[in-house]
Amino acid sequence: MSKMKKLIAGNWKMNGSLAANEALLRELSQGLAIAPVCEVLVCVPAPYLAQISALKAGCAALSALELGAQDVSAQASGAYTGEVSAAMLKDMGCRYVIVGHSERRQYHFETDALVADKAKVALATGITPIVCVGETLAEREAGRTEEVVKRQLAAVIHANGHCISEIVVAYEPVWAIGTGKTASPEEAQAVHAVLRAQLKAATDKAERIRILYGGSMNAANAESLLTQPDIDGGLIGGASLKAPDFLKIIAAVQV
Ligand code: PEP
């Protein structure tokens, strides 16, 4: 079982506006006034990083809320129109960045090697990459879940060597993202145990690597998932946009 503080991370995806973000953070600040037992993070669209940084700075109840991004360039700087570098994210106060989200693998054709490079550039900049792995429905039905997630994680382990102990992993079955279908706690735990074993083979610090579950986690199912021995937190899309739901997930975390 992991000894690290659990991590509840919201992935806002391409949602929000200046007004909506401010309202969401105001509601969150009320729920976070008493410090939660877990670490709480919001990964927001890049254009709003400055806004969220400023709102955090102006509100004591949000001081413990961590800020993260949803993607990062594998390049350090230069002629890469539209890209955002790890150094820029660091400048904006990001502690975390999601890499290899299935939506980026699917719609932007990100390969395992590119995801590994993104994790590497994040680590080199002092930002913790949240490396997403997960199988599609077709892969699951073909009995390939283990093979797929191990291949995705192996690329990141290979590229990052001993730094691997500094990453966060998120197991996100693609068929469960945004669909309302969730892996059962037992199904999720089984994959998390496979990932933990793979990390143990790569580093003697595997117990301190947090492995999050993501895929339609909500207020009703959070507790049963988060009490599994190898589930060290959640990566939450839809439910992170509704403060009461996100706060209920945070409240479901036990030490
Ligand atoms: C996600 O975007 O990483 C995610 C898990 O989304 P949802 O919670 O909406 O399934």
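The protein exposes about 11200 Å², and carbon and sulfur atoms supply 57% of that. Accessible areas here come from the Shrake-Rupley method with a 1.4 Å probe; for residues, only the protein chains shown count as cover. This is a predicted model: local features need pLDDT of at least 70, side-chain atom pairs need 80 or more, and totals for chains, interfaces and linings use all residues. Residues are numbered from 1 along each chain as its sequence is written, and side-chain values use heavy atoms, without hydrogens and water.

Next, burial. Of the 255 residues, 51% are buried, meaning under 20% relative accessible area (1.4 Å probe, protein chains only).

Now the ligand. How many residues surround the ligand? The answer is 14, and the closest are Lys13, Glu172, Gly178, Ser216 and Gly237. Near means a heavy atom within 4 Å.

Look at the polar contacts, pairs of N or O atoms within 3.5 Å. For a polar backbone atom of Gly178, the distance to a ligand oxygen is 2.6 Å. For one of Ser216, it is 2.8 Å. Taken alone, the ligand exposes 290 Å², and the protein buries 95% of that.

On to His101. Is His101 buried or exposed? His101 is buried, at a relative accessible area of 5%. Its contacts (heavy atoms within 4.5 Å) include Lys13 and Glu172, leaving aside residues up to four places away in sequence.

Definitions and conventions. A polar contact is a pair of N or O atoms within 3.5 Å; within protein, one must be able to donate a hydrogen and the other to accept it, and residues adjacent in sequence count only if both atoms are side-chain atoms. Buried means under 20% relative accessible area, exposed over 50%, partly exposed in between (1.4 Å probe, protein chains only).
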